[in-house]
Amino acid sequence: MEDTQRSQTTSEQNRKSVEQTTHNNQNRLADEDKPPVLVGEASLQKIAGMARENPEMVFTAVAHRINLPLLHEAHRRIKKGKSIGVDEVSASEYAVELDKNLYNLHQRLSRGQYVATPVKRIWIEKDNGKMRPIGIPAFEDKIVQKAVEMILSAIYEPNFYDFSHGFRAGHSQHMAIKQLRESCIECNSNWIVSADITGLFDNIDHGHLREFIKQRVNDGGIIRLLGKWLKAGVMEEEKYYHSESGTPQGGVISPVLSNIFLHNVLDDWFVKEVQPRMKGRSFIIRFADDFIAGFELETDAVKTMTAMRKRFNRFGLELHPDKTKLIRFGRPTAKSCKGNKPGTFDFLGFTFYWGKSRQNYWVIKKKTVQKRLSRFNKRVWEWCKVNRHKPIQEQHDSLCSKLRGYYQYFGVICNYKALSKAHYYVTKAWRFWLSRRCHKGKVKFQELAAKYPLPKPRIIHSF
């Protein structure tokens, strides 16, 4: 009898052991199917969760989160172009001994021995003939700046408003364009303030910026790193220039710093102080340093425009006197159609205007800004001129890529005419410069276009 009971107990234990092993194997396989979460990303997710739960919380100890896994993740996320900074180290050269380089970088950060390198400055010509400065930071500075940017973005994301779309994950220019059109209709906006900030990235006041950051991130390690980058200066033709204001030119950290600055100077002020004092409805849409404010009443628009100038002057910034305008943008009526038509305004490469729909209703439409279309045509013309002797297949691939990129951004409803103009001009430029090649082996363009067709215009975004 005892042997029988012992045998049954042993069988039961074996069965449970097999079930437990099977259950563990299933869990292991399920875990293997899940995408791995890097330690650096897990740390960011924890910070983001704390920031969402406590929007008013002040973070006083986050610098220690800049560890090796986060530096590896920062290196993975940054763009690795061919340009090199003052240190003359390229991304490919740094990646040869990546683990060793990142370990040495982490040690210097931990000991407080990290030193920011001056930004290399070069100049490029703009379409209007003026010169524009471009900053190229050292590659190692990009990695550390990206790590800090990831931490600051995780903390500030719950504080930023939904109408701020610049340099934020999950936001884009087309989201801003869509929200702008919808807000104009919902708020019955009859007046538009189209604003332009003069040299935002070059004129951000360091003192005000530090105060804004300390309201949310009062960590000595983070503040010291930001101070090193803000005071690193600029190298141009082997000459050093000290920087007293502005954010690092071309720096990875600059976009989030500008968002933090404008969140306090403009966004939060507009929501908490301006809108409650308005008699009519109003809205604001911002993408980086470009923003549009809409108002139902003219008196509200005039008062806000005056208050905006004073607000920006208080924090060391200035609204461009010529490019900042007050525009009447109400829905057209029978009287306005006779002479006093509503104006138009530009935002993110599009001109917004009132037009008739197919059902004969007044709707807000968009088209490519004429300067943008002319700039695209000019660049294609120059490219075809310089590269006309390259193989036809190579030219065709490049022109197709340029056209697809143009359609991808400007391919919105009501803008098909501008897309057709771009397609026509690319075809014209290609035909013109191919006809200027050597006459030996010359091919008729109609036959060539049939063999190498350019992508036709099409609407990408349906909103």
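Leaving aside its neighbours within four places in sequence, which residues is Leu152 in contact with? Contact here means heavy atoms within 4.5 Å. Leu152 touches Val217, Ile222, Ile253, Val256, Leu257 and Ile260, with those sequence neighbours left aside.

Before I go on, the basis. This is a predicted model, where local features need pLDDT of at least 70 and side-chain atom pairs count only at pLDDT 80 or more, while totals for chains, interfaces and linings use all residues. Residues are numbered from 1 along each chain as its sequence is written, and side-chain values use heavy atoms, with hydrogens and water left out.

Now the core. A nonpolar core is a set of buried Ala, Val, Leu, Ile, Met, Phe, Trp, Tyr and Cys residues joined through side-chain atoms within 4.5 Å. Buried means under 20% relative accessible area, exposed over 50%, and partly exposed in between, with a 1.4 Å probe and protein chains only. The largest such core holds 119 residues, and Leu152 is one of those with the most contacts inside it, along with Ile66 and Trp430. Helix 6 supplies the largest share of this core, eleven residues. Helices are DSSP runs of H or I with at least four residues, strands are runs of E with at least two, and both are numbered from the N terminus.

Helix 6 covers residues 139–156 and includes Lys146. Lys146 has a relative accessible area of 16%, so this lysine counts as buried. Its side chain makes a polar contact of 3.2 Å with that of Glu149; a polar contact is a pair of N or O atoms within 3.5 Å, and within protein one must be able to donate a hydrogen and the other to accept it, with residues adjacent in sequence counting only if both atoms are side-chain atoms. Beyond four places in sequence, Lys146 is in contact with Ala74, Arg77, Ile78 and Val252.

Next, the cysteines. How many disulfides are there? The count is zero, taking a disulfide as a pair of cysteine sulfur atoms within 2.5 Å. Cys184 is buried at 6% relative accessible area, and Cys187 is buried at 12%.

Four strands form an open sheet in the order 2-1-4-5, with mixed pairing. Strand 2 (131–136) and strand 5 (239–241) are the edges, each pairing on one side only. Two strands pair if DSSP finds at least two bridges between them. Strand 1 (residues 119–125) and strand 4 (residues 234–236) pair in the parallel sense over two bridges, and Val119 stands opposite Val234 in strand 4.
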